[in-house]
2 protein chains.
Amino acid sequence: MKILLTNDDGLQAPGINRLYQVLKEKHTVYTVAPEKEMSATGHAITLHKPLRVKEVELEAGVARAVNGTPSDCVKLALEAILPSPPDLVISGINSGPNLGNDVFYSGTVSAAVEGFFLGYPSLAVSLVLEGEFRDFSFGAYYINELLAKHGSKILEEKYLLNINFPPRPAEQIQGTKITKLSRRNYANVFDQRVDPRGQKYYWMTGSIEEMDEKDSDTMAIREGYVSITPLCVDLTSHEEIPELKKLNW
Amino acid sequence: MKILLTNDDGLQAPGINRLYQVLKEKHTVYTVAPEKEMSATGHAITLHKPLRVKEVELEAGVARAVNGTPSDCVKLALEAILPSPPDLVISGINSGPNLGNDVFYSGTVSAAVEGFFLGYPSLAVSLVLEGEFRDFSFGAYYINELLAKHGSKILEEKYLLNINFPPRPAEQIQGTKITKLSRRNYANVFDQRVDPRGQKYYWMTGSIEEMDEKDSDTMAIREGYVSITPLCVDLTSHEEIPELKKLNW
């Protein structure tokens, strides 16, 4: 398979490097990723400055670094850089979860959505972190296996999948669950402080208030499963249309 | 009504000022918006630097400027700044359209989505621009009328509505259509150039390839109607779940 690989943690991040190392054994992998960390950029794109592309030597091979967002990387790769169209876009492996409605803030997921907009099946891949746990190997091998087992189905159905790995070593993973996105609310979102000149400022912070939703991605992760959620990109609330049409505008 | 007003063009933009002027006659309006333009920021949030809030005198009254994105403004207003919760969040009036899948890139829509996440009915409001046309007055009065006529319904149903005005003077507006989001594709997305030092760079550009989709927001605008699309925030593709569950994971 020809794979476009990107992320939002930047080209030097361990997750994308581990995935690149594993995937390149069987696949042609084009890595085009932000030159620096771009977490929480949502689906931002760069309109007001020019984008530049640099070739960079990584441990796993040669990659391209872009001075933009994850969505910029995918657009640029697919529309201007790659020698030929890939079969699949993969974004990750992200350092940290992309679960529930947090996918709206996620550069990782936005890169996959961008690939999907441009006509490609796409995977967003994230590893939930906990304590000292930072092992991207299980995730990388899982994606490799996934492509071997279900790659043709993913291409045929043109899936857009959001995949999260629980913060556990391989032998403690319980299996895989197909899930829906959960609702994640945050409490105490801002930490208000005063600077040395007496001016107030705010750090965004907050603790997650998770709800125990059956079949949700958050629940699957908590129980030690790999979570796979199929995503769609139509934000229209179709069921509200008939009621709204009845109103006198 | 108590209204939180924000935008992505920044506090000095004509759209938010015109809307503020009109709404403040009947409502209590808290304006909290980015201190500078934040277009195409998607749903970006600011985690790596502190946010600051400044009081600013505008033509229409006192407002608060934030050194962050539209989503930052809404989070900060609702979780830290406002003296009491508003009834409604309004984002706009944006200079330019927010139609179809472009809503994913839109700071204007993301601000409304953020309000909705935090439990409030929300409106994203945009004016399509064409040639010299820059008149936000019709849009501002339309929103004022909308609140008078359907405000209680919007609050009760907790709607999240994406509203676009066509680039026409009031007397040429054909009416209002309840629409679905269209698919918008772009052709020739990058303009590749070479700088004086012989290095390639890319400007993001591209011309829209619109499809004539029945009942879509893009069609309504083209025909001279105000377009109102109800949005949802669940990106789960529920109908793909059964098929995926059948696979051997």
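Reader: What makes β3 and β4 of chain B a pair, and in which sense do they run, parallel or antiparallel?

Author: First, a caution: this is a predicted model. Two strands count as paired if there are at least two bridges between them. Strand β3(B), residues 53-58, and strand β4(B), residues 61-66, have six bridges. So they pair, and the sense is antiparallel. Within this pair, Val53(B) faces Val66(B) of β4(B). The link from β3(B) to β4(B) is a hairpin of two residues.

Reader: Where does helix α4 of chain B bend, and by how much?

Author: The helix covers residues 137-157 and bends at His150(B), by about 75°. That angle lies between an axis fitted to the seven residues ending at the bend and another fitted to the seven starting there.

Reader: Which residues of α4(B) are buried, and what do they pack against?

Author: Buried takes 20 or more other C-beta atoms within 10 Å. In α4(B), the residues that pass are Phe138(B), Gly139(B), Ala140(B), Tyr142(B), Ile143(B), Leu146(B), Leu147(B) and Ile154(B). They pack against α1, β5, β6, β7 and β13 of chain B.

Reader: What follows α4(B)?

Author: Lys158(B) does, and its phi is positive, near 50°. In chain A, Lys158(A) also has a positive phi, about 50°, though it is not a glycine. Most residues other than glycine have a negative phi. Lys158(A) sits in the loop between α4 and β7 of chain A.

Reader: Why is Asp215(B) called partly exposed?

Author: Count again. Asp215(B) has 14 other C-beta atoms within 10 Å. Asp215(B) lies in the loop between β12 and α5 of chain B. Its phi is positive too, about 65°.

Reader: What kind of peptide bond joins Gly92(A) and Ile93(A), cis or trans?

Author: It is cis, with omega about 0°. Ile93(A) belongs to strand β5 of chain A. Chain B has a cis bond from Gly92(B) to Ile93(B), with omega near 0°. Most peptide bonds are trans.

Reader: How many residues are in contact between the chains?

Author: 53 residues of chain A are in contact with 53 of chain B. Among the elements giving two or more residues to the chain A side are α2, α3 and α4 of chain A. That side has 31 nonpolar, 14 polar and eight charged residues.

Reader: Why do you say the copies meet through the same surface?

Author: Because 100% of the interface residues of chain A are also interface residues in chain B.

Reader: Which residues have the most contacts inside the largest nonpolar core?

Author: That core has 146 residues, and those with the most contacts inside it are Leu5, Leu19 and Ala112 of chain A and Leu5, Leu19 and Ala112 of chain B. Among the residues that Ala112(B) touches are Val89(B), Leu123(B) and Leu160(B).

Notes
Residues are numbered from 1 along each chain as its sequence is written. Chains are lettered from A and ligands numbered from 1 in the order in which they are written. This is a predicted model: local features need pLDDT of at least 70, side-chain atom pairs count only at pLDDT 80 or more; totals for chains, interfaces and linings use all residues. Helices (H or I, at least four residues) and strands (E, at least two) are DSSP runs, numbered from the N terminus. A residue is buried if 20 or more other C-beta atoms lie within 10 Å of its own, exposed if 12 or fewer, and partly exposed in between; C-beta atoms are placed from the backbone. Two residues are in contact if their C-beta atoms, placed from the backbone, lie within 7 Å. Ala, Val, Leu, Ile, Met, Phe, Trp, Tyr, Cys and Pro count as nonpolar, Asp, Glu, Lys and Arg as charged, and the others, Gly among them, as polar. A nonpolar core is a set of buried Ala, Val, Leu, Ile, Met, Phe, Trp, Tyr and Cys residues joined through C-beta atoms within 7 Å. Lists of a residue's contacts leave out its neighbours within four places in sequence.
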